[in-house]
Amino acid sequence: MVEKVAADAKASPGEQFTLDLLDKAVDGMGGQSREGQHEMARHVARAIDTGEHLLVQAGTGTGKSLAYLIPLIAHAMDSNKPTLVSTATLALQTQIVGRDLPRLLKTIDSVLERPVNVALVKGRANYVCLQKLEGGFPSEEPAEGQLFSLGEDTSVPHFAAAVGGPSSQLGKEVVRLREWAEKTATGDRDELMPGVTDRAWRQVSVTSMECLGAQKCPMAEDCFSELARARAAEADVVVTNHAMLAVSAFEGLAVLPEYDVVVVDEAHELQDRVTGAVSGQLSVAMVHAAASSARKHTAITVDALYAAAERLEHAVAGAPSGLLPNGLNSEQLDCVDQLRDASRAALSDSKSDSANAVDGGRQLARSRLMLILELCERLLAANENREVVWFSRNSTFDPQQGYAQPDETSPVLINVAPLSVAGRLREGLFAGHTVVLTSATLAIGSAFEPAAAGLGLIGDGAPGWTGIDVGSPFDYPRQGVLYVARHLPKPGRGTSPEALDELEDLIRASGGGALCLFSSRRAAEEAAEAMRARLDVDILCQGESTMAALVRQFAEEPDTCLFGTMSLWQGVDVPGGSCRLVVIDRIPFPRPDDPLMTARSRAVAQSGGNGFMAVSATHAAIRLAQGAGRLIRSTGDKGVVAVLDSRLSTERYGGFLRAALPPFWATTDRTVVRGVLERLHAADS
């Protein structure tokens, strides 16, 4: 079938070149040709040729990285602009640059016209700032409890006083950072082994707003971040992440080189990652920190800032946490307006006398003021711009709920986020570029429309697109069983005694080898504690060691179990008998008090749609599929996905959710599934 696809007369020269490269790469890397991989590569090449956007669902094991990298490289040979790959996580970004692309290029280099130049682009805070390293920014320890996303703990060497001396743990880390900075060619944090704490890294890095800029910084010629961007401008393939893509699309900032084609990997994450990247949070503590910094480093009068902060504090005092359906009230808006004016005046007063002055302290202070001004303007225009506003507070863990709850005695935090990122993505990403979006969980059943709608590809004026599912090389009905514990009570607070009994029964039948995924950290910890008392198998729990160490031990010990939360739902790739049972405690609906999800559901309902199905159920379906996808990772894997939430079988929306899952053989018979697990354990013993 692969040969037939490659030799198809309908294949354009670009498609045929792509398929020839793919065949050579697969042969050179010692792999096997896969029909889905060829189909995906061909469609990606066709999308690049036609300019039509493409959504590709490629199941686990398809080899989708190779299937999109090959056509990107083929296109780069003739394009005068870089092609882009965007990932959800820095980890996958690093994997592509450090492993996938080097192996691929080594196998096809002999048939390419010229060498392929690859570049990696991350946010500025991921690189060492040489100016800060040399003491070009002031030492500022934040006030206790201070909430501020910029400049928190910005103390720098001269570090002896700033971080407690070189004998402290933090001091030792900063000493090692300084020594590493003198040797590194990239200044990229991910190349530092072993790593350092976030607090230590902040001693030697700056955010984009804190940066002095290439025009003013005396270290600009040697700046690691600027050098990375310069390399990207000359590259054929640039690898970045969704957050950078969001900044480029929403802010119009030149954080990425001009590109004509982009592949968005882990595209099921794009909407949430983009939303997170462009959300903002304002607090009175931020205003106090900005005022203090401005007074210290620019010597301006900041009475107006403190007065505006005090008035805002009174206006929101006692307000409950949660969504504000109509935005801030008139009194609160007046306070934000006053704060905006005070911030704007402070920015004007704090300008340097010299256009070329190098003043890290001034820049730090002004970056804080600029952020507050921007947040004020967003809050004032929230209704007009269809942004969601809500109050939140710092949280404390509630053992009754099983997750963190807002501490209503703590100060109010004012949040703002776009109701939808669809329109902005349509303008900033899909307009002017060819976009290929791919994931193992992009469609629900055969429908791509839910994902497409959230990204701006549905509705009046939406660009054309095609959706394809290239399948998976796995025989899911023969390799896996989906078991829904229909007899269990509907989930409530915490984990029920019946669910714990069911979990014990399943793990006992499988002899361990279970990855157990929970909706909350507390639920995972309670279940782990209960199973340790009942079972004679090793139980690992998230938080007891680093994630990498836990996953490694789980993979190496066939009968060990691993319990954890959402970060494990997508981050575990353990083929073989060590993962023969995946247990999901409940359907991963968003929390009922999530303000943004609530606002989006209401907006869908107001327009005549089903808000629950369009938002909550779609969110749950994709994440349920990601969790279930941990089971079958190779053609030799066999096992059971057990869902301890009876609603997957009893509620009307259960069919919608099951349609997103791999086509496992399904049962609700606990006797049958116990027998399957016992046979699997016996076969692996």
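**Entry 1: helix 11**

I started with the packing of helix 11. Its buried residues pack against strand 2 (83-87), helix 10 (224-233), strand 4 (237-241), strand 5 (261-264), helix 12 (270-277) and helix 17 (422-430). I note here that the model is a predicted one.

Next I looked up how much of the helix is covered. Helix 11 spans residues 242-251, and seven of its 10 residues are buried, so the helix is largely enclosed by the rest of the structure. I listed the buried ones: His242, Met244, Leu245, Ala246, Ser248, Ala249 and Phe250.

Then I checked the N-terminal end. Asn241 caps helix 11 there. A side-chain oxygen of Asn241 lies 3.2 Å from the backbone nitrogen of Ala243.

**Entry 2: the whole chain**

I stepped back for an overview. The chain holds 28 helices and 20 strands. It has 685 residues, and 54% of them count as buried. I also looked up the accessible surface, which comes to about 29400 Å². Carbon and sulfur atoms account for 49% of that surface.

I turned to an open sheet with the strand order 6-11-8-7. The pairing in this sheet is antiparallel. Which strands stand at the edges? They are strand 6 (280-283) and strand 7 (322-324). Each has a single partner strand, so one side of each is left without a neighbour in the sheet. Neighbouring strands here are turned by 30° against each other on average, direction ignored.

I followed one pair in detail. Strand 6 and strand 11 (residues 413-418) are joined antiparallel over four bridges. In that pair, Ser283 stands opposite Leu413 of strand 11.

**Entry 3: strand 14**

I moved on to strand 14, residues 480-484. Five of its five residues are buried, so this strand is largely enclosed by the rest of the structure. I sorted the residues by face. Gly480, Leu482 and Val484 are buried on one side, and Val481 and Tyr483 are buried on the other. In a regular strand the side chains alternate between the two faces of the sheet.

What does strand 14 pair with? I found strand 19 (residues 639-643), which runs parallel to strand 14 and is joined to it by five bridges. Gly480 stands opposite Gly639 in strand 19. I also found strand 20 (residues 665-667), paired with strand 14 in the parallel sense over three bridges. There, Leu482 has Ala666 as its bridge partner.

**Entry 4: Gln479**

I looked at Gln479, which belongs to helix 19 (residues 476-479). Is this residue buried or exposed? Its relative accessibility is 7%, so Gln479 counts as buried, the cut-off being under 20%.

I then checked its surroundings. The side chain of Gln479 reaches the backbone oxygen of Asp637 at 2.7 Å. I set aside neighbours within four places in sequence. The contacts of Gln479 then include Phe474, Ile632, Ser634, Thr635, Gly636, Lys638 and Gly639, along with Asp637.

**Entry 5: Gly576**

My last stop was Gly576, in the loop between helix 23 (566-571) and strand 18 (581-584). Gly576 is partly exposed, with a relative accessible area of 29%. I also looked up its separation from Lys638.

Terms used
Residues are numbered from 1 along each chain as its sequence is written. This is a predicted model: local features need pLDDT of at least 70, side-chain atom pairs count only at pLDDT 80 or more; totals for chains, interfaces and linings use all residues. Side-chain values use heavy atoms; hydrogens and water are left out. Helices (H or I, at least four residues) and strands (E, at least two) are DSSP runs, numbered from the N terminus. Buried means under 20% relative accessible area, exposed over 50%, partly exposed in between (1.4 Å probe, protein chains only). Accessible areas come from the Shrake-Rupley method with a 1.4 Å probe; for residues, only the protein chains shown count as cover. Contact means heavy atoms within 4.5 Å. A polar contact is a pair of N or O atoms within 3.5 Å; within protein, one must be able to donate a hydrogen and the other to accept it, and residues adjacent in sequence count only if both atoms are side-chain atoms. Two strands pair if DSSP finds at least two bridges between them. Axes are lines fitted to C-alpha atoms, for helices over the stretch in contact, and angles run from 0 to 180 degrees between N-to-C directions.
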